[in-house]
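Look at the structure below before reading on. The paragraphs after it go through the structure step by step.

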Amino acid sequence: SLIRAIIHAESAYQPDAVSPKGAQGLMQLMPDTQSEVSVADPFDPAQNIRGGTLYLARLLDEFEGDVELAAAAYNAGPTAVYRHGGVPPYEETREYVRRIRILHRRYAQSP
């Protein structure tokens with residue numbers, strides 16, 4: 001349900017999505033993250049989801065299972081979360097975390 005929430009928020013399920021900042025594919029992976037998680041083609045849904053899931057799992061480990069902090073790090077980067085001692089005070093990130101919370105709950109309740 002968390003992966004579905006991230007995909008929904010990041011790309012609205014559009015595998016060819018590209019953000020103005022250069023994030024690509026369903027889970028909107030940045031080029032550096034793609035390299036880190038061995039994604040050769042970010043527009044291939046299977047590769048993108050595998051890489052995005054691996055990256056999210058690393059963030060969940062790093063933030064001891066705290067979904068809000070992992071979501072904030074997915075959006076703004078882990079450095080920003082550490083620098084601010086929690087969810088960064090960026091409007092975009094705060095809205096993202098709020099949206100992930102809602103979508104995660106919604107997908108967890110659906111079959």
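The text starts with the helices and the core, then turns to a pocket, a loop residue and the salt bridges.

This is a predicted model, in which local features need pLDDT of at least 70 and side-chain atom pairs count only at pLDDT 80 or more, while totals for chains, interfaces and linings use all residues. Residues are numbered from 1 along each chain as its sequence is written, and side-chain values use heavy atoms, with hydrogens and water left out.

Begin with helix 1, which covers residues 2-11. Helices here are DSSP runs of H or I with at least four residues, and strands are runs of E with at least two, numbered from the N terminus. The buried residues of helix 1 are Leu-2, Ala-5, Ile-6, Ile-7, Ala-9 and Ser-11. A residue is called buried under 20% relative accessible area, exposed over 50%, and partly exposed in between, using a 1.4 Å probe and protein chains only. The cover over these buried residues of helix 1 includes helix 3, helix 4 and helix 6. Just after helix 1, Ala-12 has a positive phi of about 50°.

Helix 4 spans residues 67-76. At its start, a side-chain oxygen of Asp-66 comes to within 3.0 Å of the backbone nitrogen of Glu-68. The buried residues of helix 4 are Ala-70, Ala-71, Ala-72, Ala-73 and Tyr-74, and what covers them includes helix 1, helix 3, helix 5 and helix 6. Just after helix 4, Gly-77 takes a positive phi of about 95°.

In soluble globular proteins, nonpolar side chains tend to be buried together. In this model the largest nonpolar core has 26 residues. Such a core is a set of buried Ala, Val, Leu, Ile, Met, Phe, Trp, Tyr and Cys residues joined through side-chain atoms within 4.5 Å. Which of its residues touch the most other members? They are Ile-6, Met-27, Leu-56, Leu-59, Tyr-74, Tyr-96 and Ile-100. Helix 1, helix 3, helix 4 and helix 6 are the elements that give two or more residues to this core.

Tyr-74 shows how these parts meet. Leaving out residues up to four places away in sequence, Tyr-74 touches Ile-6, Glu-10, Met-27, Leu-29, Gly-52, Tyr-55, Leu-56, Leu-59 and Tyr-96. Contact here means heavy atoms within 4.5 Å.

Tyr-74 also belongs to the lining of the largest pocket. On a 1 Å grid over the protein atoms alone, a cavity is a set of points where a 1.4 Å probe fits but cannot get out, whereas a pocket is an open set with protein on both sides within 12 Å along at least five of seven lines; lining residues have an atom within 4 Å of a point. The largest pocket holds about 510 Å³ of space; grid points are joined across faces, edges and corners, and the volume is the space filled by probe spheres set on the points. Its lining has 22 residues, of which Glu-10, Ala-23, Tyr-74, Asn-75 and Glu-92 lie nearest the centre. Helix 1, helix 4 and helix 6 each supply at least two residues of this lining.

Next comes Gln-28, in the loop between helix 1 and helix 2. Is Gln-28 buried or exposed? Gln-28 is buried, with a relative accessible area of 9%. Its side chain reaches the backbone oxygen of Ala-17 at 3.1 Å and that of Gly-25 at 2.7 Å. Beyond residues up to four places away in sequence, Gln-28 touches Glu-10, Ser-11, Ala-17, Val-18, Ser-19, Ala-23 and Asn-48.

Finally, there are 4 salt bridges, each a side-chain nitrogen of Lys or Arg within 4 Å of a carboxyl oxygen of Asp or Glu. One of them joins Glu-92 and Lys-21 at 4.0 Å, N to O. This pair links distant parts of the chain, 71 residues apart, with Glu-92 in helix 6 and Lys-21 in the loop between helix 1 and helix 2. Lys-21 is exposed, at 65% relative accessible area.

Another salt bridge joins Arg-58 and Glu-36 at 3.3 Å. Arg-58 lies in helix 3 and Glu-36 in helix 2, so the pair ties together parts 22 residues apart in sequence. Arg-58 is partly exposed at 37% relative accessibility, and Glu-36 is partly exposed at 44%.

Arg-101 and Glu-68 also form a salt bridge, at 2.9 Å. Because Arg-101 lies in helix 6 and Glu-68 in helix 4, this pair ties together parts 33 residues apart in sequence.

Notes
Polar contact = N/O pair within 3.5 Å; in protein donor to acceptor, adjacent residues only side chain to side chain.
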